[in-house]
Amino acid sequence: MGSSFGWNWALSVVAFGLDCTRIAPGESAPCGVIGPKQSFSRLLEEDGALKAYNAAYKTFYARQRRGTMSEGEFSSWRDEAKRRLQEVRAGKIALDEYTAWLKQDVRKWTAN
């Protein structure tokens, strides 16, 4: 039984370990939850630009949730941050330039 995505969901669940419901000794969640979290943590450690983006995203998302930043400002920031992240990965801008941009106040560049 295939899907419109061209792959069999049941096989992918087994292949990627998403069906794992075992809880390892000393853990509070099943391996199907812990594994992806560990993979993402490892990815953050390997990709400095993604780590900087993730930290800034959490900061700006919290501001939007508190109401100190509008949803439009957050969306604009997020889209621009993603675009610049791709530029860092492509070698078009330096990581330190990107992290400096991430730390500036979003209202400085949305007002222009």
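On this tour, contact means heavy atoms within 4.5 Å. The model is predicted, so to speak of local features needs pLDDT of at least 70, and side-chain atom pairs count only at pLDDT 80 or more, while totals for chains, interfaces and linings use all residues. Residues are numbered from 1 along each chain as its sequence is written, and side-chain values use heavy atoms, with hydrogens and water left out.

**First stop: Tyr98.** Select Tyr98 in helix H5, residues 95-103; helices here are DSSP runs of H or I, at least four residues, numbered from the N terminus. Tyr98 is buried at 1% relative accessible area (buried means under 20%, with a 1.4 Å probe and protein chains only). Now show its partners: beyond neighbours within four places in sequence, Tyr98 contacts Ala49, Tyr53, Ala81, Arg84, Leu85, Val88 and Ile93.

**Second stop: Leu85.** Setting aside residues up to four places away in sequence, Leu85 touches Ala49, Leu50, Tyr53 and Tyr98.

Which angle do H3 and H5 make as they pack? It is about 0°, with the axes 10 Å apart; axes are lines fitted to C-alpha atoms over the stretch in contact, and angles run from 0 to 180 degrees between N-to-C directions. That makes the two helices roughly parallel (angles under 35 degrees). To see the contact, select Gly48, Ala49, Ala52, Tyr53, Ala56 and Phe60 of H3 with Leu95, Tyr98, Thr99 and Leu102 of H5.

Note on methods: Buried means under 20% relative accessible area, exposed over 50%, partly exposed in between (1.4 Å probe, protein chains only). Angles under 35 degrees count as roughly parallel, over 145 as roughly antiparallel, 65 to 115 as roughly perpendicular and the rest as oblique.
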